[in-house]
Amino acid sequence: MLPFDAAQANNYPAVIGCDEVGRGALCGPVVVAAVWFDPRAIPGEILAALDDSKRLKRAERERLTPLIRAHARVALAAGSRALVDRINVRGATLDAMARAVRRLGLDAPVLVDGRDAIPGLALCRPVIGGDRIVPQIAAASIVAKTVRDAVMRSLARRHPAYGWDSNVGYGTKTHLAGLATLGRSAHHRCSFTRAYAPETRAHAPEARIHGPESALRTATAAPSTGRTGRS
């Protein structure tokens, strides 16, 4: 059952919702979306379709993402593989969240999925299970997952042995077998893969981003502005 009822839109506040995708992956970036909309102004069919991105099929996430971006304020940011290795995945995630929220340029309360508030934001609090409680967090999880999955499927064309077209960087049997055979690619997180490819040489420089990853960089440069009334 989907968690949000369009008939109850007045009960949902106009806040910024923030969520990440890719925190537990073995490779690739952590991608964060920050989303603002007024639930009373967004089309009811969009509000009613929102959910935790992991509970939605790929086709539904890909259908909803352009609708969210058309009717909401959306900003993206990413914590690269190199940043994850340098400061740890929690730090890279919070850094990306702070950048995504700043890119929105809105003075609104921020609700973050999980246990961590974004450091330095006074009007910010974490919400455990927020993607089933706060519609803006659910929207952020959908946008972030759609973007990150597209990035990993693009990379899979250059690195087919790891199975990123289906596992999008998570530790499936295919992915671990590729690590055992080939070692790490330039996109693997050393801090996450030492147990699977302990003798691999140090990383080459991270490959230049193309395809959907270029879209990620473009998207993180400026927020989409949507059409949801108040700002």
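In the predicted model, helix α7 spans residues 173–182 and has His175, Gly178 and Leu179 as its buried residues. These residues lie on the same side of α7, because they cover an arc of only 100 degrees around the axis. An α-helix has 3.6 residues a turn, so residues three or four places apart point the same way. On the other side of α7, the exposed residues are Lys173, Ala180 and Thr181. The packing partners of the buried residues of α7 are α6 (164–167) and α8 (190–193). After α7 comes Gly183, which has a positive phi, near 80 degrees.

Helix α5, which comprises residues 135–156, is mostly covered, with 21 of its 22 residues buried.

Zero disulfides were found in a search of the whole structure. Cys18 takes part in no disulfide: the nearest cysteine sulfur belongs to Cys124 and is 7.7 Å away, whereas a disulfide requires a pair of cysteine sulfur atoms within 2.5 Å. Cys18 has a relative accessible area of 0% and is therefore buried, the cut-off for this class being under 20%.

Conventions
Residues are numbered from 1 along each chain as its sequence is written. This is a predicted model: local features need pLDDT of at least 70, side-chain atom pairs count only at pLDDT 80 or more; totals for chains, interfaces and linings use all residues. Side-chain values use heavy atoms; hydrogens and water are left out. Buried means under 20% relative accessible area, exposed over 50%, partly exposed in between (1.4 Å probe, protein chains only). Helices (H or I, at least four residues) and strands (E, at least two) are DSSP runs, numbered from the N terminus. The arc is that of the directions from the helix axis to the C-beta atoms. Contact means heavy atoms within 4.5 Å. The expected span of a helix is 1.5 Å times one less than its number of residues.
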